[in-house]
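Hi everyone, thanks for coming.

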Amino acid sequence: MTAPLLELDNVTISYQRRRDRIDAVRNVSLAVQPGEAYGLVGESGCGKSTLAMAVLRYLPKNGLLTSGHVLFEERDLFTMTASELRRIRGNRIAMVYQNPGSALNPTIRVGEQVAEVFRHHRALPHHTASQAALEMLRKVRISEPDRVAALYPYQLSGGMQQRVVIAMALASDPALLVLDEPTTALDATVQADILDLFQDLRGELNAAILFISHNLAVVQQVCDRIGVMYAGELIEQGTVREVFQRPRHPYTAALFDSIPDFGVRKQDRRLASIAGGVPDLADLGAGCLYEPRCPISRTLCRVEHPDLLRAGTRHLSRCFFHTETPVPGSAAPTASATQAPESPQNQRLPLLTLNRVSRRYGRAHILKDIDLEIAPGETFGLVGESGSGKSTLAKVIAGLVPPSTGTVALNNVRVAGVASRRTRRQRRDVQMVFQTPDATLNPRKRIVSILGRAVRVLAGLTGRRKRDRSAALLADVQLPSRMLTATPDRLSGGQRQRVAIARAFAGDPKLVILDEPTSALDVSVQASILSLLLDLQRESEAAYLFISHDLAVVRYLSDRIGVMYLGELVEIGPAERVFRPPFHPYTHSLIAAAPRLGGEKPLRPVSLDAPSPGPAERPTGCPFHTRCPRAYDPCRTEAPPWRDAGEGHMIRCWIALDALEASQTAALRARSTAPAPVRVGPRP
Amino acid sequence: MAETLINARRRPRSRTRFTPARGTIPLAIGVAMVLVWVATSLGAPWLAPYPPSEIDFLAISQPPSAAHWFGTDQLGRDMLSRVMHGGAYVLTIAPAATLLGLVLGTAIGLTTAWFGSWVDEIVMRVLDAVMAFPIVILAMLALTFLGAGTGNVILVIGLVFAPLIARTVRAAALVEARKEYVQAAQLRGEGALYIMAVELLPNVRGPLIVEGTVRLGYAVFTSATLGFLGLGVQPPTPDWGLMVSENQALLTTAPWTVLFPATGIAWVVVAIGLAADGLKEYLEP
């Protein structure tokens, strides 16, 4: 066997906190071979980013390598001199971070930034470096590199910026590319393109990749081998094939279970969540770290810490009973046992009615002529890329942003544009759960006063009844009553979202707007929050407006789904119909881009490589025509008509539905990566 | 061998060492230095060797000696006693003025941040115009109209500090006002006063405290300056600024008459500055 390119040998990294020291990474050994792609996955706080920084010997001031060695090309990074280290960092190891915006210098043209790498690390003369930079931009699939090279970073979309960062990383022809969540900050459609790029580049370059991500599906697409981290330890390692087909650690298996498979609905099964939380790194017991949450733990697990054991020829697991690891999917309870809420299809009065709602800021149309109805007790899912106006629509309905034109009606009664001018009852009926767990609760208030105020204002209770109701709300979201006296900083992200949900339910709302409530959370926590939302809906019969960029989650939870693009609804229909052809071409590309688990790579029939034009330069005609691979003449000049595909499924497109359906079905069957030729239907 | 089976040995937990939180040391030194003067001022009636305004024509402009540690001034008054008493004025005027500035500034800052649009535009432009003048000039103008005196000095310093504090509060409150917990309050239909007082104010506390401490240092300096210009308390009150002013003619012949009160001013300003730095480090690491 050849010598590994990168070898971590029994690495322990500690952080000095105010009073004590915690080991963020403990006794990790792994090796990356030349040309190999190794994926490191785990939930937040598991130590994967700390490990990535250690590979560059780039630990923060209070971080310390307390044991072990980091060997790169058989040389110890932590005993090198500063100048040796500098040479290695630039020339042999390159890094791509999560946020491309802060990795680029905003005052230098991007072509110049790439050329600088060639001049600096490869000592190319000025002109040759510029040529090489253009070549490198072409290599990362930037069309028109000459034009793009002359732009400043702010003129590029997030996806293009990340391509430039990748070009800079590749410019020094590194032996190892460290990718730390390189697609997490990007939209799914852009993420799919970047992942494609990595796959293509792997064939062209001989760099090894250390890919760090919280997203199993993403890692699967790029990597050969993966390591799973939990609470600072490597708990499972093997080839992607082995680990994905038959995980040998209960934690890995539970992670798979908590991700909604593409196509699973709330009626089918509950998502399995992992009970309990990650152990406190400052206070670890003697046994297996996963033991308190493990479904197959025994006495031995409590007293003895397992080593990494062989579970296959190239498969390691830190579990005594790895052969008994539950197969993903087997442990998940079916929904029939728990009864998912019925979706009331036979409509009485709509609960919420939007009539031609628009919102403008200056010349920019954030929302344009939105018509929408939500029935009592229904879950309506809203999807779209960032900037599509999903959150603004939520705020208009909630009364945080008044509509510029159009009306919002609750139970057929028109309501005021701002919440403060609505009646108390109307305010009680529409509540909202926000996206950011860090900002959703006032950090200076205790949970008891956060909930108490909501109960008092929304439910009108005071004194003892207020206290009882607050405690009951906390119990409803499955938090212990001792948390009443805690401040938000003592709570985890998932717990804060639970409190936010309890707050929204304080006055028995009729409609709860959920604006990406789980996108900042780990998948195992997300699963438990989604289950909680289903339970609460069954008890309260509240309708949900669920906004998310994660199609699998929206599909899992929703009865009906709307797809938004540039402030307009382009498709709307029952959840099961929206994900079946015919789709709007935009929906098609969203579905194709969604990362998913399983053997098959996702199909890429529609690449949304062209950036979204943005609400200020709204195109005439169909808003999607600038990126639509099937756009033809009328799309560019006239707004497309709504076409009825039956069962309440509506698509807003100039292309005839049967033409859409035929080509999309063919694309699904062929699983080809090339766009299928499109025959455009006649104008109606 | 690429994959080594790992023997997860447990290292014995290393003994944890107590390291003080950032900024606590300068904060402690600064506070201690101020407390020295607070104690001295409070105890001056009993500790001072002479009454501060007792004139002794037999001991005019004496250099420091055993009888008069800090010497005497041109009226034969004991400088040590006067310096000990003089702290009291600065140490009441400065905190009172700062408090007034904080209350006014916070109210203005929160209001402009929350209401935004034209309220913000008008109020902030007016404050910009006020702040374009040097503080001492503004204070002098105001005191010339109002007349000198302790109460007016407090009022004037408080008023000229309010715009500066308002800016800090507004900047911090603008960040908080966009956060989701404020939107949750709006969804409940909370009034502007509730949102400003209960949701925003506690969350701008950190910058507010830091700004207040910095302002306190400036207030000491400003009140001393106004005293020096004769706009503060009137003779024969033993005020540090006033003492420097009264004795400036003696700077060459009896420098101790200026040195000791000036040192008192510098001491307190430096001490508060030190405390402010430490506090900033501690609150905003």
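**One helical turn**

Let's start in helix α3 of chain B, where Arg125(B) and Glu121(B) are four residues apart, so about one helical turn separates them. Helices here are DSSP runs of H or I with at least four residues, strands are E runs of at least two, and both are numbered from the N terminus. Before going on: this is a predicted model, where local features need pLDDT of at least 70, side-chain atom pairs count only at pLDDT 80 or more, and totals for chains, interfaces and linings use all residues. Residues are numbered from 1 along each chain as its sequence is written, chains are lettered from A and ligands numbered from 1 in the order in which they are written, and side-chain values use heavy atoms, leaving out hydrogens and water.

Okay, back to our two. Their side chains meet in a salt bridge, 2.7 Å from N to O; that term means a side-chain nitrogen of Lys or Arg within 4 Å of a carboxyl oxygen of Asp or Glu. Are they buried or exposed? Arg125(B) is partly exposed at 44% relative accessibility, and Glu121(B) is partly exposed at 44% too. The cut-offs: buried is under 20% relative accessible area, exposed is over 50%, and partly exposed is in between, using a 1.4 Å probe and protein chains only.

How many salt bridges are there over all chains? The count is 38. Another one joins Arg170(B) and Asp120(B), again 2.7 Å from N to O. Arg170(B) lies in helix α5 (residues 150-177) of chain B and Asp120(B) in helix α3 (residues 117-131) of chain B, so this pair ties together parts 50 residues apart in sequence. Asp120(B) is buried, at 11% relative accessible area.

Now for the rings. Over all chains, there are eleven aromatic pairs. Rings of Phe, Tyr and Trp (its six-membered ring) pair if their centres lie within 6.5 Å; planes under 30 degrees apart are stacked, over 60 edge-to-face, and the rest tilted. Take Tyr586(A) and Phe624(A): they're edge-to-face, with 5.1 Å centre to centre and 65° between the planes. Tyr586(A) is in helix α22 (residues 585-593) of chain A, and Phe624(A) is in the loop between α22 and α23 (633-637) of chain A, so the pair ties together parts 38 residues apart in sequence. Both residues, Tyr586(A) and Phe624(A), are buried.

Last stop: ring pairs also link Tyr230(A), Tyr251(A) and Tyr290(A) into a cluster.
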